[in-house]
Structures are given as C-alpha cells and as structure tokens.
Amino acid sequence: MDRSLEDRIGMLEDIEEIKKLKAGYLYSIDDRDWDNVLGCFAEDARVDYGPWGRYEGKKEIEKFFKETIPPLYSLHHHVTHDPFIEVDGKKAKGRWNLEEAATIIKGNKAIWISGRYDDEYVKEKTGWKYKSISVTFFYVTPYEEGWAKKRMIEAEDLG
Amino acid sequence: MEKDLERRITILEDIEEIKKLKSRYGYNIDERDWDSVLDFYAEDATVDFGVFGKYEGKEAIEKFFKEAFPPATTFSMHMSQDPIIEVKGNRAKGKWYLHESATFTEGNQAVWGAVKYEDEFVKRKGKWRCKSCLVNFLYLTPYEEGWVKKKMIV
C-alpha cells in the first residue's frame, strides 16, 4: 500500500517539477539569463525551433541563445497554456500551447507568435531536464496585421 | 515513511491550493466580485500594483478595488500562466506571468497587458492567503499601437 502511494506521489511531484522546468526555462529566456536556460537541458539535448533552426547538443544550443538571439530581439515574453504531461519512470513527454509577444530589432517590429511545444524530458541526478524540444508554429505575425492577413512573417524579416 | 509521504502530499496539495487561489483571484476581478477578490488577501497584506499604486492592509486594498478600479475599467480578462510555487511549511512564494485584455473607460480604449507577479503567501488556520503581491508590468499597451509604439499607456 505504502509503495503504491509512494509511486503516485512521486508521479505528481515529477509533473509539478516538469511544469516548473518549463516555466523557469521561459522566465530565463525572457530575462536573458542564458546560463539558467542552458541548465534546463541534458548534455545531448536537441531542439527544433522551426524557422529559428535546429541544434544538437548543449554547445550548439548555447551558441543559439547567447549569439543568435540577442542581436535579433529586444523583447520576448513567452506564456504557456494547457500542459499535457505523461511520466514514465525517468522519462516524460509534455505538450504545451505557447503564445509569445516579441520585438524584432530590425525595423523595431512587434510580432505575435503562437505555437505548440512537443517536449521530451529525462530525470537526471539534479532534476528533470529537456531531452528534446520541438516547436510547431501556428503563426508568427506582425502586430499590425494579425494571422488572417499575414500568418507567417517572411524568414528574412525574422531578424 | 508515512510521515514523509504525508509531508510530500501536503506540499502538493498546498501548491494546488495556491494555484486555485490565484486563478480565482483573476476570475473574481473580471466578474467584479470584490468581496471574493479581497478573500485572496491576508488582513496585513501589502500590494505593489506598479503604476496603479501601493497599498498596505486589507482596508486600503479594498478601497482600491471598490473605488478606484471599477470606474476606470469596463472589461478585464486576467489569465495567469507559468506558475512557480515554492512551499515551506506555512509560507510560500509564487511567481506567475499574467496576460490581460482590458478596456479602459476613458476613451473606451482596448489594452493588452503583460505582467510578472511575485507573491508571498501565508497559511493561517488551514487557509492560504496572499501576504504580499508585487506586480511588474512588461507592457500595458493600446490595442491599436502595441508595445513597440507605446509600451505603457499610463
């Protein structure tokens, strides 16, 4: 009986930790705390950020965050909704909706972004980390136009 | 073993309670149920609503919600996201993003707002309430303009 309760509590704690991992990752991106962002990833993590590229391993991900993002954007504000998390021992999957407000430095342009995260997680000694992140974008649209007039901004205008 | 399980369950329950408390708070503001809004706060709570002022004690917070807020806003929808809640016994800290759509009475102006909350909570007689609420605006912008053209409408 105790063991079963232990397993059930452990799963709820894991789900809460994964939610905190996601929230902490996004707060850190928005605050530009890149070391904290990197701390969210396993060493062999891989990411697919759609038009912003694919990266394998923590070194490449670090380069993306520290070198690619700051010259392109002066603001980003990520919020997530509707988490769907499934834990299986020391592995887990998560799906989230994403909304983001951002400002592209080139042209000082405000954009709305909407997408979906499909994540995989692994439980390491220091806690849950991202094994992979994949983002599907529903729209990346200029503020003044909206997704009906222009669903996806041109790649060269992304920054 | 049992005591440890009990402790862990209580933390999880406390986290859920605090999330519900915050959700209800936003919902009650939007419903303009001010007495229910005030139930979010401890008697000795302090708030810092940024450009909308600082208030100490439940009486001052009540005055803000019942007298200042209603004439200034005809519509609001508060949506809180990304909670990070840390519970330590009868105290807790909570961080959220808030996304808001609202209409200001003056000029019948639609606005988008984005806020970061950093709150402290206290559990007294088995009930969690907010001890302090700190609001940082990322933007509060006229719908037609956006945060680049006008980051803060006030």
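**Helices across the sheet**

Modeller: In this predicted model, helix 1 of chain B lies across strand 3, strand 4, strand 5 (109-124) and strand 6 (127-142) of chain B, and runs at about 170° to strand 3 of chain B.

Biologist: Which strands does helix 3 of chain B lie across?

Modeller: Helix 3 (residues 58-72) of chain B lies across strand 1, strand 2, strand 3 and strand 4 of chain B, at about 55° to strand 1 of chain B.

Biologist: What makes the strands of chain B a sheet, and in what order do they stand?

Modeller: In chain B, 6 strands form an open sheet in the order 2-1-6-5-4-3, with mixed pairing. Strand 2 (54-56) and strand 3 of chain B each have a single partner strand, so they stand at the edges and one side of each lacks a neighbour in the sheet. From one strand to the next, the twist averages 20°.

Biologist: How do you know that strand 1 and strand 2 of chain B pair?

Modeller: Pairing requires at least two bridges. Strand 1 (residues 41-48) and strand 2 of chain B have 3 bridges, in the antiparallel sense, and therefore count as paired. In one of these contacts between strands, B:Thr46 has B:Glu56 in strand 2 of chain B as its bridge partner.

Biologist: How many bridges join strand 4 of chain B to strand 3 and to strand 5 of chain B?

Modeller: Strand 3 and strand 4 of chain B run antiparallel and are joined by 13 bridges; B:Ile84 stands opposite B:Lys95 in strand 4 of chain B. Strand 4 and strand 5 of chain B, also antiparallel, are joined by 14 bridges, and B:Leu98 has B:Val115 in strand 5 of chain B as its bridge partner.

Biologist: What lies between the strands of each hairpin?

Modeller: In the hairpin of strand 3 and strand 4 of chain B there are 2 residues between the strands, and B:Gly89 in the turn has a positive phi of about 65°. In the hairpin of strand 4 and strand 5 of chain B there are 4 residues between the strands, and B:Gly107 in the turn has a positive phi of about 80°.

Biologist: How do you know what span to expect for helix 3 of chain A?

Modeller: The expected span is 1.5 Å times one less than the number of residues. Helix 3 (residues 58-72) of chain A has 15 residues and reaches 21 Å, close to the 21 Å expected. Helix 3 of chain A also bends by about 25° at A:Phe64.

Biologist: How many residues of each chain take part in the contact between chain B and chain A?

Modeller: Residues are in contact if their C-beta atoms lie within 7 Å. By that test, 17 residues of chain B are in contact with 22 residues of chain A. The largest share of chain B's side, 5 residues, comes from helix 1 of chain B.

Biologist: What makes up that side of chain B by class?

Modeller: The side of chain B that touches chain A has 12 nonpolar, 3 polar and 2 charged residues.

Definitions and conventions: Residues numbered from 1 in each chain as written. Chains lettered and ligands numbered in written order. Predicted model: local features only at pLDDT ≥ 70, side-chain atom pairs only at ≥ 80, totals over all residues. Contact = placed C-beta atoms within 7 Å. Nonpolar A, V, L, I, M, F, W, Y, C, P; charged D, E, K, R; others polar. Axes fitted to C-alpha atoms, helices over the stretch in contact; angles between N-to-C directions. Bend = angle between axes of the 7 residues up to and from the residue.
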